[in-house]
Amino acid sequence: MLWIAPSEKDAASTSLEKRLWDAADQFRANSGLKAQEYSGPILGLIFLRFAEVRFAIQRTKLEGAGASSRRGSRVDEPAAYHAEGILYLAPEARFDYLLTLPEVADIGAKVNAAMREIEKHNPQLAGVLPKTYNLFTSTLLKELLKKVSEIPASVDYDAFGRIYEYFLGEFARTEGQKGGEFYTPSSIVKLLAEIIEPFHGRILDPACGSGGMFVQSARFVAEHQKNPAAELAICGVEKTDETGRLCRLNLAVHGLEGDIKHGGNINSYYDDPHTATGSFDFVLANPPFNVNAVDKERLKDMVGHDSRGNPRRFPFGLPRTDNANYLWIQLFYSSLNATGRAGFVMANSASDARSSEQELRQKLIEARAVDVMVAVGPNMFYTVTLPCTLWFFDKGKAKTKRADTVLFIDARHIYRQVDRAHRDWTPAQIGFIANLVRLYRGEALEAPKGGAGETAQKLKEVFSPSPLAGEGRGEGGLRYRDVPGLCKAATLAEIEAQGWSLNPGRYVGVAPGEDVSDEDFKEQLETLNEELESLNAQARELESTIANNVAEILEK
């Protein structure tokens, strides 16, 4: 299915985010600092601006309450702010105080002191805030404070978060490959959240980066008129200490708290700081692909099941190849409770990998946990151009009518071309794919926030029942059906016939009248070549066995 949305580039270019970013980029040019050196301080000031807006609103409320209370004013009690999930800011740690400092003051030292003061009164941020403002001259810092002050105090809670996420995305883009370690494009994360539907429960990301999965899950809850802080218990693991601090800061910007374990050589392969096995309602992740040199000797006691038959972290075994993809996949699976759901990004190669990885994939499919597979086209990530696949698990699926099927979706030709090198999905496109899954599951459809009309029209075009086919009506007069070039609900027997492949392209096929693209042809050719190599290897083994048997007979 081909659906290329218009760019909307001109509208974005006049936004507040773009103006702020252009200003930040000027500071980079004038300071001579590398992206990783100036990104933290800039994000820190955006964070402080946001924190002060929320602090000021609460302070006004407390002043009003204090005037009519016998207890007197509580405006300077940190606990009165913490009770509402708001950070307490001492006078010398407030944005407006820093903004009015004269250039002759050592502004870098003053901002560093402000960050320390915030951590002192808000223990959840201990060791998180940037304190390298001495790298900027007072003149540059003064200009930066002025630019950040342009974010109006009137913008809503979510708008601040979006500005912050915009900066995270732009820093990821400018930092190249390193940026991919901490940022997953928001449209990918939004689709993951829409399909696993994290309404309430414990959520884990064992490769959490800057926390985008948690933020989007919270936004999903908020869009359903619930309080994310009350509905979600957030747990994360991040190997890099600097990125772990960025995650905690990102959560704070969105009014969230989480148990984020980071730094100190913590590694999700070997360490289980959240005692995750079987205990999470949701897992969301974008792990590093194709990692090698994992010390499997350290994992041998985490394989299979314990003496009581309970699954361990790697219940299906370890891959023989030097590739960690199926270690990650099993970690996501084993962390879920009996009704848990997972959504994660994975390299395309994992869907078709042979040998021991194929054996592991077969066990996973036979466990009836694989729910949906979505093929994603190239250029959706800032740091890599390669296509990828989104995997979705649902452990509760085994007790539903979907137990013996897997839904495959080919979304490679659904996108918006942002610029020459980058693509994303519009809200309407995300809504369409998510509602396709809901139709398949028999769930109620949802109107996306933005583009609802376009989503509804596209669903109607594709899934209105055909009277000629005798189809009944489903949700909203629509009914799931297999659509060549878009989706296919494949049975386990069909998947077994395809060598336990989870590659959507093998099942979805091509829509009538559409040509096979160069990309599809290359993928099909690679698959056929893999099969040929496998058959040739088997033939050589048989030839050797026959030759040895003949030699033994002749010797007798």
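Here are a few friendly notes on some helices and strands in this predicted model.

1. Because the model is predicted, local features need pLDDT of at least 70 and side-chain atom pairs count only at pLDDT 80 or more, while totals for chains, interfaces and linings use all residues.

2. Start with strand S8, residues 388-394 (strands are DSSP runs of E, at least two residues, and helices are runs of H or I, at least four, numbered from the N terminus). In S8, 7 of its 7 residues are buried, meaning under 20% relative accessible area with a 1.4 Å probe, protein chains only. Cys388, Leu390, Phe392 and Asp394 point one way, and Thr389, Trp391 and Phe393 point the other way.

3. What lies beside S8? Strand S6 (residues 336-347) pairs with S8 in the antiparallel sense over 7 bridges, where pairing requires that DSSP finds at least two bridges between the strands. Strand S7 (residues 370-376) also runs antiparallel to S8, joined by 6 bridges.

4. Next, find helix H16, residues 427-441. H16 is largely enclosed by the rest of the structure, because 14 of its 15 residues are buried. Just after H16, Gly442 takes a positive phi of about 80°.

5. Finally, look at Leu554 in helix H20 (residues 518-555). Leu554 counts as exposed because its relative accessibility is 69%, and exposed means over 50%.

Definitions and conventions
Residues are numbered from 1 along each chain as its sequence is written. Side-chain values use heavy atoms; hydrogens and water are left out. The expected span of a helix is 1.5 Å times one less than its number of residues.
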